[in-house]
Amino acid sequence: MFDVNEIRKDFPMIMNRPDLIYFDNGATTYKPQAVIDAVTGFYTGYTSNVERGDYETAARADKAYADTRKIIARFISCDPKEVVFTANITASLNQIAYGLMKNFLKPGDVILTTEAEHASNLLPWYRMEKEYGIRVEYIPVDRQGVCHTEAVRRAMHENVKVIAMAHVTNVLGSVQPIKEIAAIAHENGALMVMDGAQSVPHRKIDVKDLDVDLMGFSSHKMCGPDGVGVLYGKYDILQKMDPVFLGGGMNARFYPDGTIVLKNAPEKFEAGTPNIEGVIGLGAAAEYLMSIGMDNIMAYEKELRSYFKEKIEKLDNIEFYNPDNETGPVTFNAKGVFAQDAAGYLGSKHICVRSGNHCAKILHEVIGTDQTIRASLYFYNTKEEVDRFIEAASEISLENAIGIFF
Ligand SMILES: Cc1ncc(COP(=O)(O)O)c(C=O)c1O
């Protein structure tokens, strides 16, 4: 295990703002100095485009960019050529939906998903439904948001061609049995698409072991820069998928009659100048997390969450929605207080949480409310911060939560 107080020194935001308790890690995370150095090192030492220049700094940028593909491949246990850089997981999931729609699916085919998904893993499929006649169907989840394998088996039928699901859901932190669900998908000739936004930053992900066909995640939720994401795909599937964006860098040749010869994956999905500094920063973030150890991160967060759970369950003014989930956010409301007012009260105490529907707009069907407060932890949070949070949360009431300005 690691010493959290030593880890905290790696994060300038923690050192510069010791007054803040940052429990909004499901939205985005703090960046360690190693990531900041990697990004500024590119800006101050070898700024250039990639795969276009024949000079020394361009060669350095090419190498740093290509090295990050290898780092990410090691991070999620795949081949570097199966790693595509995108703008974020939203872009990855849109690319997946478009590529599957164009090259794998036909009208009447069914995408199975759940009502606990983030908008990024629903809206691209809804568009396929509206514009191309593909149907979206839902697998029921339990009150903790978990999708059980029996429910998946019951929902399967011959038209199901894709199961698309978050590994860890963003509101309730439900951990879905992805490996078993992928096996059911494959037994039935369907593909498994995994939204890894809330799992890849927190646990060791081995895409080959899970046997998912396509997967995405965002750099900014794992200590990396904003504006960078990853799309992982089994190579033969990537090769068959059409890219959303066309332009420079992704074509091998094109002709005046409009014929375009694409490069192979992953390059064919990376049209235009990529977010080079962001990709390099993502590489530094993945190295940083691996140096701490993904198993250590998961074990630490599990213990911290169980401490949090024990304390929050004792508060009479709080309704706590996801006691059974061992990982992920703590999701709650202060009884009788609108979520945003309660979050504003916590904000006035320098505690950063998120309130609202968290882009999972149909989840209220499952937990009976569409406005919640989410406290999402990361490996740099501490039990002392949980104690300060609990003290503030115990004070939330209708009287003191309304009219807070900060
Ligand atoms: C489960 C899940 N999927 C997708 C996303 C979208 O991430 P991004 O905004 O980085 O594309 C999020 C963001 O919160 C998420 O939690």
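1. Buried means under 20% relative accessible area, exposed means over 50%, and partly exposed is in between, using a 1.4 Å probe and protein chains only. Please keep in mind that this is a predicted model, in which local features need pLDDT of at least 70 and side-chain atom pairs count only at pLDDT 80 or more, while totals for chains, interfaces and linings use all residues. Residues are numbered from 1 along each chain as its sequence is written, and side-chain values use heavy atoms, with hydrogens and water left out.

2. Let us start with the domains, whose bounds come from an automatic or database domain assignment. The protein chain is given domain 1 (4-30 + 293-401) and domain 2 (76-272). Their C-alpha centres lie 28 Å apart. Where they meet, 34 residues of domain 1 are in contact with 30 residues of domain 2; contact means heavy atoms within 4.5 Å.

3. Helices (H or I, at least four residues) and strands (E, at least two) are DSSP runs, numbered from the N terminus.

4. Setting aside neighbours within four places in sequence, Phe389 is in contact with Ile21, Phe23, Phe308, Ile312, Phe332, Leu346, Ile351 and Val353. Not counting residues up to four places away in sequence, Ile21 touches His350, Ile351, Cys352, Glu385, Arg388 and Phe389.

5. Why can helix α13 (residues 339-348) be called largely enclosed? Of its 10 residues, 7 are buried, so the rest of the structure largely encloses α13. Those buried residues are Ala339, Ala342, Ala343, Gly344, Tyr345, Leu346 and Gly347. Their cover includes β12 (330-334), β13 (351-352), β14 (354-356), β15 (372-375), α15 (383-394) and α16 (398-401). Just after α13, His350 takes a positive phi of about 65 degrees.

6. Beyond residues up to four places away in sequence, Gln95 touches Leu231, Met241, Asp242, Pro243, Val244 and Phe269.

7. Now for the charged pairs. A salt bridge is a side-chain nitrogen of Lys or Arg within 4 Å of a carboxyl oxygen of Asp or Glu, and by this rule the count comes to 19 salt bridges. Asp19 and Arg17 meet in one of them, at 2.8 Å from N to O; Asp19 is partly exposed at 28% relative accessible area, and Arg17 is partly exposed at 35%. Asp109 forms another with Lys106, with the closest N and O atoms 3.1 Å apart. Here Asp109 counts as buried at 2% relative accessibility, whereas Lys106 counts as partly exposed at 48%.

8. Which helices does the salt bridge between Arg153 and Glu187 link? The side chains of Arg153 and Glu187 meet at 3.4 Å, N to O. The pair links distant parts of the chain, with Arg153 in helix α7 (residues 149-155) and Glu187 in helix α8 (residues 178-187), 34 residues apart. Arg153 is partly exposed, with a relative accessible area of 48%, and Glu187 counts as exposed at 56%. Elsewhere, Lys63, Asp67 and Lys70 are linked in a network of salt bridges.

9. Finally, a look at Phe254. This residue lies in strand β9 (residues 251-254) and counts as exposed, at 59% relative accessibility.
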